[in-house]
Amino acid sequence: MMDIAVKNIYKSYGEKTVLNDVSVTFPAGKCTCIMAESGKGKTTLLGLITGIEKPDSGSISGVPERISVVFQEDRLCEDFSIASNIRMVLKHDSDMSDEDIRKLMSELAMNEDIYTPVSKLSGGMKRRVAIARALVYDSEWLMLDEPFKGLDEATRDKVIDTILSKRKSIIMVSHNMEEAGKMNAIVLDDVI
């Protein structure tokens, strides 16, 4: 697994420059947390790393073909069940059983019937389904954009423990220094 290196990245939307000559290396096997004020380009930087967006100039290297992402919005299929939302990122020959899904959801402090439609869940429950889906996807890196919004402290701590037990390389965006500390993150608060 390689480090992800961002070099001299520029990104504008019309007249508004969002990222201006940003260079940073995200070490493989670690959790790195990007912190900055709202509107400074944290989500844009994640979008560039994942390939959802393209930089105006600069380069990004070391990005593997497969990346797991938890977006600011949960991006779930509301009419699908918890289990269906999780299984949609698995390979067709996956042997993930209902019991495996129940166990993962329990680790994420959620014991609802896995065949409950996502539309029936609270915001915090939907968040945990989005996190579960990202965790089961076969990837080397996990990108988390404000991953713990809507979670109370006890639930958040259990979710953090689960993420750390399953992933090694993480890039996270947060405004919360306590969350970064609990994730054992390298905090970058001066790169954007």
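Select G51 to begin: this residue follows helix α1, and its phi is positive, near 90 degrees. Helices here are DSSP runs of H or I with at least four residues, strands are runs of E with at least two, and both are numbered from the N terminus. A word on what you're looking at: this is a predicted model, where local features need pLDDT of at least 70 and side-chain atom pairs count only at pLDDT 80 or more, while totals for chains, interfaces and linings use all residues. Residues are numbered from 1 along each chain as its sequence is written, and side-chain values use heavy atoms, with hydrogens and water left out.

Now step back into α1 itself, residues 42-50. Seven of its nine residues are buried, so the helix is largely enclosed by the rest of the structure. (Buried means under 20% relative accessible area, exposed means over 50%, and partly exposed is in between, using a 1.4 Å probe and protein chains only.) Colour K42, T44, L45, L46, G47, L48 and I49 to see the buried ones.

Zoom in on T44, which sits in α1. Which residues does T44 touch, not counting those up to four places away in sequence? You'll find K11, Y13, V18 and L19; contact here means heavy atoms within 4.5 Å. T44 has a relative accessible area of 10%, so it counts as buried.

Helix α1 lies across β1, β2 and β4, at about 120 degrees to β1. For such angles, axes are lines fitted to C-alpha atoms (for helices, over the stretch in contact), and values run from 0 to 180 degrees between N-to-C directions. The three strands make an open antiparallel sheet in the order β2-β1-β4. Two strands pair if DSSP finds at least two bridges between them. The edges are β2 (16-26) and β4 (57-61), each pairing on one side only. On average, neighbouring strands are turned by 20 degrees against each other, direction ignored.

Pick out β1, residues 4-13: four bridges join it to β4.

Time for the inside. The largest nonpolar core has 38 residues, and I86, M105, I163 and M183 have the most contacts within it. Such a core is a set of buried Ala, Val, Leu, Ile, Met, Phe, Trp, Tyr and Cys residues joined through side-chain atoms within 4.5 Å. Among the elements giving two or more residues are α2 (82-87), α3 (98-107) and α5 (153-166), but α4 gives the most, with eight. Click I163 and look beyond its neighbours within four places in sequence: contacts are I131, L135, L142, L144, F148, I170 and M183. A second, separate core of 20 residues includes L45, L46, I49 and V191.

Follow α4 (123-136) next. Of its 14 residues, 13 are buried, so α4 is largely enclosed by the rest of the structure.

For contrast, select A154 in helix α5. Is A154 buried or exposed? Its relative accessibility is 59%, so A154 counts as exposed.
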